[in-house]
Amino acid sequence: MSHVIWLFSDAGNTDGQAAALLEEHGMKGAFAWATNAFTHPGRETLPWAEAQEIAAHGHEVHSHGMRHDSWSRYTETEIARACRATRQWWANRLGRDCSACKIIGPPYYSTATIRRIALETGYTYTLSNWLTPADSVELPAGYEYQWITCYHGEGPSATLDALDWASKSAYRAVICSLHRLRDEPAYDKEVRWSDFRAVIDHAVELGLTANGVLGLA
Ligand SMILES: [Zn+2]
């Protein structure tokens with residue numbers, strides 16, 4: 001395994017610092033953003049100007065839906081409408097060729113039905129932002145993957161071990177879910193900055209590359 005996809009989600013206001021830290025190590029991140037983060041920003045939301053800058057620096061943006069609601073109860077028509085709407089939103093702001101028009105990670109998780117409809121409505125790849133179900137990731141053909149997290153609730157040593165293991169495995173890529181970074185995590189799916197730094201250093205030691213999902217294509 002030689003490639004790691006650093007996956008951040010939900011447009012936290014530390015995404016810009018995370019992107020800069022990755023750049024210092026010659027790496028790029030993947031950022032799954034729901035559009036309502038920018039149309040209805042909260043106190044700790046990434047400002048739109050910074051989001052544009054992250055995209056302009058070549059980091060990967062993934063469509064993460066419009067409202068960050070679960071699509072599990074959507075009809076197929078509603079899924080198709082949501083896919084088209086979010087794709088149009090990103091096309092209008094970052095251009096038709098942007099990564100957010102190619103990759104969608106629906107909020108919470110994906111399903112085989114969501115995946116099929118996403119591909120039918122113009123997306124190239126789909127992935128889940130959650131660990132399950134395992135079949136919810138569509139990466140470039142031939143690339144097997146393993147999913148790990150760096151969540152505070154699971155401890156950083158588990159992530160370091162997972163990188164060690166994955167680097168020796170037959171998997172071609174690891175998706176490392178980082179959600180959002182904090183100096184002091186408020187709940188178990190946040191990641192401590194110091195842990196993230198340790199994980200990046202370890203990835204550098206292992207010689208891993210990182211430039212998103214499209215970097216695998
Ligand atoms: Zn999310």
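A residue counts as buried if 20 or more other C-beta atoms lie within 10 Å of its own, as exposed if 12 or fewer do, and as partly exposed in between, with C-beta atoms placed from the backbone. Alanine 11 has 28 C-beta neighbours inside 10 Å, so alanine 11 is buried. This is a predicted model, in which local features need pLDDT of at least 70, side-chain atom pairs count only at pLDDT 80 or more, and totals for chains, interfaces and linings use all residues. Residues are numbered from 1 along each chain as its sequence is written.

Confidence comes next. pLDDT is the predictor's confidence in each residue, from 0 to 100. The protein averages 86, and 86% of the residues score at least 70. Over residues 131–136 the pLDDT is below 50, and this stretch has 10 contacts in the model beyond near neighbours in sequence. Two residues are in contact if their C-beta atoms, placed from the backbone, lie within 7 Å.

Now the overall layout. The protein has seven helices and eight strands. These are DSSP runs numbered from the N terminus: helices are H or I with at least four residues, strands are E with at least two. Of the 217 residues, 43% count as buried. Among contacts between residues at least 6 apart in sequence, 69% join residues at least 24 apart.

A nonpolar core is a set of buried Ala, Val, Leu, Ile, Met, Phe, Trp, Tyr and Cys residues joined through C-beta atoms within 7 Å. The largest one has 51 residues, and those with the most contacts inside it are Val4, Ile5, Trp6, Leu7, Cys176, Leu178 and Ala210. Strand β7 (residues 173–182) gives the largest share of this core, six residues.

β7 is mostly covered, with nine of its 10 residues buried. Two strands pair if DSSP finds at least two bridges between them. Strand β1 (residues 3–9) runs parallel to β7, joined by six bridges. Phenylalanine 8 stands opposite histidine 179 in β7. β7 also pairs with strand β8 (residues 190–192), in the parallel sense, over three bridges. There, leucine 181 has valine 191 in β8 as its bridge partner.

Helix α7 covers residues 193–205. Its 13 residues should span 18 Å at 1.5 Å a residue, and the end C-alpha atoms are 18 Å apart, which agrees. The expected span is 1.5 Å times one less than the number of residues. Asp195, Phe196, Val199, Ile200 and Ala203 are buried in α7. They lie on the same side of the helix because they cover an arc of only 135° around the axis. That arc is taken from the directions from the helix axis to the C-beta atoms. An α-helix has 3.6 residues a turn, so residues three or four places apart point the same way. The face turned away from the buried side carries the exposed residues Ser194, Asp201 and Glu205. Glycine 207 follows α7, with a positive phi near 75°.

Helix α5 (residues 112–120) buries Ile114, Arg115, Ile117 and Ala118. Its buried residues pack against α4, β4 (103–104) and β5 (125–126). Just after α5, glycine 122 takes a positive phi of about 115°.

Most residues other than glycine have a negative phi. Alanine 11 has a positive phi near 55°. It sits in the loop between β1 and α1 (15–24). Histidine 68, also not a glycine, has a positive phi of about 55°. Histidine 68 is in the loop between β3 (60–63) and α4 (76–94). With 18 other C-beta atoms within 10 Å, histidine 68 is partly exposed.
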